[in-house]
Amino acid sequence: MSDIFLGKSNLIKYAFILVKSVIVLLCYLYLDKKHNTKRTVAEYIGIFVFCDLYVIYDVIKKLKSKSVTSSKNLIIILTILLIFNFLSNSFISFYNSFNDVLTTGSKTETVYYDRYGIEYSSLEDVVYYTFDGAEFKYDPDRAKYDCIVDTPDNKYDSSYDDFFVYIDKDGWIVFTDSLLEYSDGNGDYGFYDENSQNYYGNIRAIRWNENGTVYWDY
């Protein structure tokens with residue numbers, strides 16, 4: 001969300017710059033016409049494209065001039081430029097501050113649960129259980145499910161590749177010898193294992209509520 005706000009902030013900034021350039025250019029055109037001042041097309045393009053820099057250049061140039069008219073024009077343009085820059089910076093600062101508060105206020109702590117309704121603050125901490133008492137955790141860096149508690153006879157490997165890990169209809173974690181194909185006609189438990197002749201669900205999409213009931217995070 002912060003990236004979205006940052007993008008909008010930049011758009012607002014560029015919009016202010018564009019409007020400022022147009023206003024300053026219109027001021028120059030009006031004052032030049034009023035005082036019969038001649039400028040080239042390139043100068044007017046410079047005013048529009050390099051608005052602030054051109055005004056600074058014009059200030060330096062007109063300071064060398066003793067013309068009262070030039071001084072009055074300079075004061076008018078500088079006043080408009082300063083006011084517009086102040087309003088622009090103030091608005092953007094307020095917008096960013098408002099979005100910081102909004103973003104901070106919208107942050108909520110996500111809570112995860114395992115099959116037994118035990119609460120976790122991180123998905124990586126959620127424990128997955130086998131029917132015979134072993135326990136596993138997911139390691140996202142290695143894309144593997146690691147055995148943290150084995151059965152007394154050390155039935156399970158130390159880790160399993162997540163491509164071969166599923167969940168059965170009772171919520172137990174299961175491991176297969178190969179990647180299972182999905183069948184649309186069997187809903188969430190659509191992965192069929194010919195060896196066990198059972199259908200399994202996608203463990204990467206399963207979540208539990210606090211009472212241990214399953215829902216799917218698709």
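## The arginine at position 207

In this predicted model, the side chain of R207 reaches the backbone oxygen of R204 at 3.4 Å, a polar contact being a pair of N or O atoms within 3.5 Å in which, within protein, one must be able to donate a hydrogen and the other to accept it, while residues adjacent in sequence count only if both atoms are side-chain atoms. R207 lies in strand β11, which covers residues 206-208; helices (H or I, at least four residues) and strands (E, at least two) are DSSP runs, numbered from the N terminus.

R207 counts as buried because its relative accessibility is 11%, and buried means under 20% relative accessible area, with exposed over 50% and partly exposed in between (1.4 Å probe, protein chains only). Leaving aside neighbours within four places in sequence, R207 is in contact (heavy atoms within 4.5 Å) with Y112, L123, T213, V214, Y215 and D217.

## Aromatic pairs

A search of the whole structure finds 13 aromatic pairs; rings of Phe, Tyr and Trp (its six-membered ring) pair if their centres lie within 6.5 Å, and planes under 30 degrees apart count as stacked, over 60 as edge-to-face and the rest as tilted. One of these is the edge-to-face pair of F136 and Y156, with 5.7 Å centre to centre and 85° between the planes. Because F136 lies in strand β4 (residues 135-139) and Y156 in the loop between β5 (144-149) and β6 (159-161), this pair ties together parts that are 20 residues apart in sequence. Both F136 and Y156 are buried.

Y160 and F175 form a stacked pair, 3.8 Å centre to centre with 15° between the planes. Y160 lies in strand β6 and F175 in strand β8 (residues 173-175), so the pair ties together parts that are 15 residues apart in sequence. Ring pairs also link Y128, Y138, Y145 and W208 into a cluster.

## A charge over two rings

The charged end of R115 sits over the ring of Y116, 5.5 Å from its centre, and also over the ring of W172, 3.6 Å from its centre; this description requires NZ of Lys or CZ of Arg to be within 6 Å of the ring centre and within 35 degrees of the ring normal.

## Confidence and conventions

The mean pLDDT (the predictor's confidence in each residue, from 0 to 100) of the protein chain is 81, and 80% of its residues reach 70 or more.

Residues are numbered from 1 along each chain as its sequence is written, and side-chain values use heavy atoms, with hydrogens and water left out. As this is a predicted model, local features need pLDDT of at least 70 and side-chain atom pairs count only at pLDDT 80 or more, whereas totals for chains, interfaces and linings use all residues.
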